[in-house]
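Hi,

Here is the structure I promised you. Have a look at it first, then read on.

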Amino acid sequence: MTSRKNNSVIPHALQVDQKNDLFILFFRRREAILPIANLLTWVGKDSETYRCLTMDMKRDYYEDIQLCKTRTALVLTIALFCCLMIIPFLLGDYNIYIVNLIAIHAIVAIGLNILVGYTGQISLGHAGFFAIGAYTSVLLMVKGGVPFPVALLAAGFVSAGFGFLLGLPSLRLEGPYLAIATLGFGMAVTQIISHWDFAGGHMGLAAPKMSIGPFVADTGLEQYAIIMSVAAIMTIAAINLMKTRVGRALVAIRDSEIAAEAMGVNVLKYKTLAFAISAFYTGVGGALMAFALAHISAGSFNLILSITFLAMIIVGGLGSIMGSILGAALLTYLQIKLQVIQEAPIVGPILLDISKRFFTAEGLPNIQSIIIGGIMIGIVIFEPLGMRGIYLRFKRYWRMWPF
Amino acid sequence: MALLSIQNLWVSFGGLVALHGVSMDVEEGRIFSIIGPNGAGKTTIFNCISGIYKPTKGKVIFRDREITGKKSHYSAGMGIARTFQNIELFGHLTTIDNLLLGRHIHMKSGVFSGAFFFGKSFPAAREECHHREVVERIIEFLEIEAYRNSLVSSLPYGIRKLVELGRALAMEPTLLLLDEPTAGMNQEEKRDMMFWIRDIRDDFKVTIIMVEHDMNLVMDVSDEIMALNFGVKLVQGTPEQVRNDPQVLEAYLGRD
């Protein structure tokens with residue numbers, strides 16, 4: 001064991017080799033590794049495991065409702081924001097468009113999850129709110145000459161107003177009955193809009209460009225900037241809201257209406273409020289969608305869209321903001337990618353062949369419905385908590401890792 | 001004037017009459033028990049006080065204000081808290097969140113202030129911290145610190161009963177309605193509950209109305225007892241009076 005001190009024992013050739021190895025060169029230098037080590041210690045000292053071991057759990061009641069509870073979460077959040085800043089520059093125009101759609105669907109999914117996952121009220125009519133948001137903003141801008149930010153907010157509030165109205169019968173209706181009532185609402189909205197000449201009728205409307213003051217969003221990248229900022233603000237707002245008084249009251253209604261009422265929660269008020277908040281999110285999402293697609297027509301806001309929104313939150317995880325985002329991302333991505341599955345390298349030709357032989361060739365694009373349906377069945381059977389459940393399991397495994 | 005006064009209360013469900021003109025007065029600072037065999041209408045009285053049922057006839061007056069037929073959340077706002085016979089907790093929330101829901105009537109933050117706070121100094125955050133502190137004191141009082149962050153659906157029965165009691169206490173009520181607080185508990189837990197009920201009355205300055213089947217407990221802690229049978233009031237008085245009343249003996253044990 002004297003070899004370490006005595007350099008002469010190590011063969012000359014090996015010494016040279018070590019020096020050339022970049023990895024070792026980097027970590028041999030104390031000053032190089034120091035910032036990383038410091039960061040890791042700073043993060044580690046605040047991790048739940050460390051604080052559990054040292055019996056140092058809480059220092060402040062504010063920690064409970066903080067956006068980033070631990071330093072690990074803080075670092076990860078900052079990293080996520082950096083990623084969101086950088087990725088548009090790495091992606092092509094088409095991929096940015098996909099990310100934009102994901103962000104919009106995430107807003108809607110969060111809104112729907114507030115209603116379905118948190119408050120426990122079903123809705124099959126969210127395509128209706130989506131349409132109301134889209135048409136309100138476009139009509140206001142085209143016919144009323146209102147600036148974009150105002151139109152966007154107005155879309156949310158008009159939609160929320162309709163949400164409030166739809167929420168009123170929810171007091172008397174539950175489960176399947178509420179589902180049918182909301183279903184009727186969604187279909188009625190589409191029908192009315194498609195026969196309304198002022199709103200372009202069946203032909204739909206062309207949406208103007210988004211603009212904030214002098215800044216006009218021409219390219220996908222500029223749209224990304226606006227859509228992603230709105231999505232980020234609304235996500236943070238939802239996270240905060242669900243942790244405070246209103247959010248808790250909503251969950252209380254879901255878990256036990258009688259007890260919620262006995263705690264002084266006005267069930268009438270909070271149920272309609274849940275509908276209004278949910279509709280606000282969906283309306284804003286619809287408005288953004290109108291600008292991202294540059295054209296809207298009533299036919300696209302159909303029942304299938306409502307079902308897709310519902311599928312997003314079930315796949316992502318009911319009663320979870322993160323789940324809504326994950327579900328929206330997965331389903332949006334799959335929907336777009338599976339539409340062009342015949343262009344995929346190996347799978348495409350095989351599927352095309354099967355389709356030609358046993359079905360019709362035109363049936364191939366429908367493969368997306370089959371695969372998405374399969375994924376939904378799989379998730380509901382194997383992971384009822386959805387993608388959030390998978391994340392939680394992974395997190396638990398990671399925390400316990402060496403054991 | 002009594003804190004709570006029930007005057008000639010009739011409740012009928014279709015043809016079934018659950019309460020036949022029951023009247024009672026509960027003085028402030030008392031522990032008042034309602035006893036009676038199954039189906040006597042004890043929980044029905046509770047449901048009328050807390051606004052779940054609307055009585056067919058009669059009045060419920062609380063702190064000189066009539067609350068007959070008012071919604072549950074209204075009486076909760078007036079300062080009436082209750083627990084339920086078959087625990088009604090919010091299963092998917094933690095113990096802390098359940099107790100915080102008890103603070104709902106004392107909190108003010110709405111949708112906007114709840115959604116946008118980015119630091120301790122925002123009103124919603126300040127309010128939240130304050131109420132978490134209050135809740136922490138109740139957790140300490142009931143000695144359920146260990147279950148602070150567990151989902152209540154995963155807790156054992158006895159603890160869930162305590163959490164429900166804590167949630168009612170978090171409302172800082174004037175009147176506390178306990179519906180069978182010791183149902184399903186073992187002897188030791190019943191003892192503890194008995195001490196807690198006394199402590200709650202003394203420490204929190206609460207008037208308690210209790211429905212309970214365990215006679216030892218009822219006789220021990222109550223200041224006043226009312227006995228019911230088939231929706232009819234049999235007798236009201238001190239534990240001593242009720243224990244020796246021939247009608248009560250008959251209702252419980254039958255006639256010779």
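Predicted model: local features only at pLDDT ≥ 70, side-chain atom pairs only at ≥ 80, totals over all residues.

Below is what turned up in it, starting with the aromatic rings.

Residues are numbered from 1 along each chain as its sequence is written, chains are lettered from A and ligands numbered from 1 in the order in which they are written, and side-chain values use heavy atoms, leaving out hydrogens and water.

Over all chains, the search gives 13 aromatic pairs (rings of Phe, Tyr and Trp, the last by its six-membered ring, with centres within 6.5 Å; planes under 30 degrees apart are stacked, over 60 edge-to-face, the rest tilted). One of them is A:Phe130 with A:Phe301, edge-to-face at 5.8 Å centre to centre and 65 degrees between the planes. A:Phe130 sits in helix 7 of chain A and A:Phe301 in the loop between strand 4 and helix 14, so the pair ties together parts 171 residues apart in sequence (helices, H or I, have at least four residues and strands, E, at least two, as DSSP runs numbered from the N terminus). Are these two buried or exposed? A:Phe130 is buried at 1% relative accessible area, and A:Phe301 is buried too, at 4% (buried is under 20%, exposed over 50%, partly exposed in between, with a 1.4 Å probe and protein chains only). Both also belong to one aromatic cluster with A:Tyr135 and A:Phe309.

Over in chain B, the charged end of B:Lys57 sits over the ring of B:Trp10, 5.0 Å from its centre (NZ of Lys or CZ of Arg within 6 Å of the ring centre and within 35 degrees of the ring normal). B:Arg82 does likewise over B:Phe84, at 4.4 Å.

Cheers
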